[in-house]
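Here's a quick briefing on salt bridges and a surface patch. Take a look at the model first, then read on.

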Amino acid sequence: MFHRALNKSKRYSLGRFYCLFILFCIAISSYAQNVTGIVCDSLNREAIGYASVRILDIKDSTYIKGAVTSSNGKFTINQSKGDYIIDISYMTNTRYTKQIRLEDKQTLDLGTIYLGEASYMLGEAVVVAPVPDIVVKGDTIEYNADAYRVGEDALLLDLVRKMPGIDISSDGKLMANGKIISKILIDGKEFFGNDIDLALKNLPASMINKLQLFKEQSEMSRVTGFNDGNAEQVLNLTVKEALKQSIFGEGRSGYGSNGRYSNKLNAHYMLDDNQYSLIANYKNITDDFEYSGSSSQYDGITKNAEVGFNFNALRSDKLNVGGNLHYDNNNNVFEMDSNTKTFIETGNRLSTQSSATQSIKRDLSLGLNMKWTPDSLTTIYARMNVNTGTSDDIRHSTNFSYVQGLQDTTSGWTDYKTSGDTHNLNASIIFGRKLNSAGRTISASLNGATRGGRSYGTNYSPVFYQASNKTTVIDQELSIDNTGNNWGFMVSYVEPITKHNSVKVAYTYRRDYSDRNRLTFRRDGEGEYTIVDTAFTRKTTSDYTTQRINVGFQSAMDKYEYNIGFNVDPSVSSSKTTMQDSIIENQKQSVVNFSPTFKFTYTPKNNITFDFDYYGATEQPTLKQISSDTIVIDALNRTYGNLDLKPSFDNTFSMYFQKSNYEKGSFFMITGGGNYIFNKIVDYTTIDEFGNVESSYRNVTGNWGLNGGIMFNTPLRNKKFTIDNSSFGYFVRNIGYSNSVKSITYNLTMSESFSISYRSDKFDQRLQANISYNITRNNLPNQEGMNTSNYGLKSSTLWKLPYDFAIQNEISFTYNKGYAENFQKSEVLWNLSVAKQFLKKKQATAKFQCYDILDDRNNLMRVVSGNYISDTRTNMIGQYFMFSFGYRFNITNKPARNVSETQGADDYN
């Protein structure tokens, strides 16, 4: 009965989504008194985002209600009828004040409000300050793109690499001040959903005016006006004003030595708040000119063909729709050499592994999103994403291991081939309605997803044991089916209790079902795969139900805001494992977690912000972690799940202080944070005397970490020189199990990066020095030689010569100490390009590029966990030379409003 009901639910899930979507979209129109407008800079006519807009009492100018403008300068404030003063200010511009009157059933549109540029009185002179590199605007850090010079055909990736505090992590994630950037926006609108990599490698740097880093509230928070603690760190790109009424883009084609090629096209159509983008790539090189051994791009060598279309269309003042369609074909060759030390009380086991994997993946995805405000009190968000793909993988690996101090060895190799396909569909809808002008709000959300995948393959793994002169062989054909679905809902109610304070109650429910069926066969006497291998054949089903009961209090004042909440998180999970008709395991467990939440933001001035945040989060085990079927990774390693796993619970806090001085052009920031995890899911490994490794999972309590950092940026007395400094530290305590013995590892990482830049109209030079220390200790005996250090120097030069020639030169030196002996310790990486612009408006560029001129590239990474340390070297593109031709175009839809508005247009003309 349970399975029949579940299947019936799956069949009708899409129909239910459509019905609920229609029901939520039906709202009763109401009249309210709104004040709307757009705030712009009078000098360049660009929209001013995050300007302060306040409604003041006309009698004594006391504060009544306020808001900040969106990234496109727009604002809307709901207020009851009466006479007021509207006050609009921005720290780099003059203040605007005006008396207004609100009457019944009226929206007061103030139109476009232009703020003049503020000036500073120094003695008898009035000085207009130059735009600094970095500015704090409330909780937003804004980077001036023109302060970071890059090549004419540079991409967003090249630009963000030069910005203090922004980096690419070892696993390829875009990070800012130690935290993940989860989304990239263009003028406040999504670009290919959350595909950070696609944005970094396709958006031209020359289209960008400012880069704004801030925490974007969740759609539910925007509906309710109550912070739910689910804000994401996003990077918003503001486009140069001259390009917002045009079709612009670039095509580039290049061919080089060693069979390297790169063909790219990006085209963008922008008309007011409407955006349309087309990207296409066909290449087998990286898109990053500044790549180096410390660039953290451990992706192997990839042949890539892709095409994508993204749009954001403002159909009316009430309806905004957006979406994207993307096809990607990747053929990746990934080679890896690793040295691993596994901590064992009786003697560490040392192992080396080499592997080569070819992976071909084809993916097609579609995403749609909508925001609808049928009236001033109702907001509806809707989303849908569909993805389907196929994959083919071939892997060959060799393993060699031994116990430290002993001569007996174990060696083996693995050939693994598999083909498969995946599909998933997810959708969500959020509905919110304000019940009165004071802020009383009801809201609800509904979400669901269905997913599936199937793979077929073979696995051949012989192992030779020297001590016993014995060889074992695993020879399998396998078939794996994965299916699953989930759905959930949330309802909330917000009640204002005073003008500045409000309370919220909310309830969340989520149900997640997964099924994994693994069939494994071994050969019969005739060499055919017909015999069921009962040791590896398993079917695992899991069912999770999680709930959250939340109560919260929020206070929003003129200069500070805080939010206090408390969550009760009950969860029930069940899992059953069978082998054909036999039940092997059948488990069920219940867990209740409690967590307070607290967030405090203090903004005494628009250029100073202090923020403190604490929250708790529950994470359920994955299907792989609870499935008891054994997965053969390679000749010496296999893994299986643990049905007794409990959900982990992570307590996390973070804080930062940031300040900018507009007159001096300086920026300063301090960050800190930490976490403590209950029931953390960790690896549980056992290693026999022959080096065979079996891995499973256990819950542990006591993993924790601390982090902190200081960053500043300031020009020198000679404004052409700027210095940047970033200092960060991380301390982590990891608990794991090694050969069934608890292993506790302490890891301290300290890094320092300092740079000085010189910038003029024709010449840019940046010198950078960095150093990092990694200190590791473990509680097991005889653990030495686990510390590493990295030293680096880099020089970046951009020189614009007469006759429209330009030279870009990047040279870096890296020295690594403390890694495995057979790994290269140093690297000198030298990249050079010479470009020439021509045609009437410099639309065309011919370029000769030299990558890794000295052919000395080295890709090295260390991973530290609770029970092992691993040094890994991977393959990346080496030395090559390339000649390319590019053409930029810009078709303006209508004349610019004035001369200053055309600033930046020459980049595409």
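Both Glu 216 and Lys 183 are buried (under 20% relative accessible area; exposed is over 50%, and partly exposed sits in between, using a 1.4 Å probe and protein chains only). Keep in mind that this is a predicted model, where local features need pLDDT of at least 70, side-chain atom pairs count only at pLDDT 80 or more, and totals for chains, interfaces and linings use all residues. Residues are numbered from 1 along each chain as its sequence is written, and side-chain values use heavy atoms, leaving out hydrogens and water.

**Salt bridges**
- The whole structure holds 24 salt bridges, each a side-chain nitrogen of Lys or Arg within 4 Å of a carboxyl oxygen of Asp or Glu.
- One of them joins the side chains of Glu 216 and Lys 183 (3.5 Å, N to O).
- Glu 216 is in strand 17 and Lys 183 in strand 15, so this pair ties together parts 33 residues apart in sequence; strands are DSSP runs (E, at least two residues), numbered from the N terminus.
- Glu 216 and Lys 183 also belong to a salt-bridge network with Glu 190, Glu 219, Glu 232 and Arg 383.
- Asp 512 and Arg 451 pair up too (3.0 Å, N to O).
- Asp 512 lies in strand 29 and Arg 451 in strand 27, so their pair links parts 61 residues apart in sequence.
- Asp 512 counts as buried at 16% relative accessibility, while Arg 451 is partly exposed at 28%.

**Nonpolar patch**
- Strand 24 (349-375) gives the patch its largest share, three residues.
- Leu 368 sits in strand 24 and is partly exposed, at 37% relative accessibility.

Conventions
Helix = DSSP H or I, 4+ residues; strand = E, 2+ residues; numbered from the N terminus.
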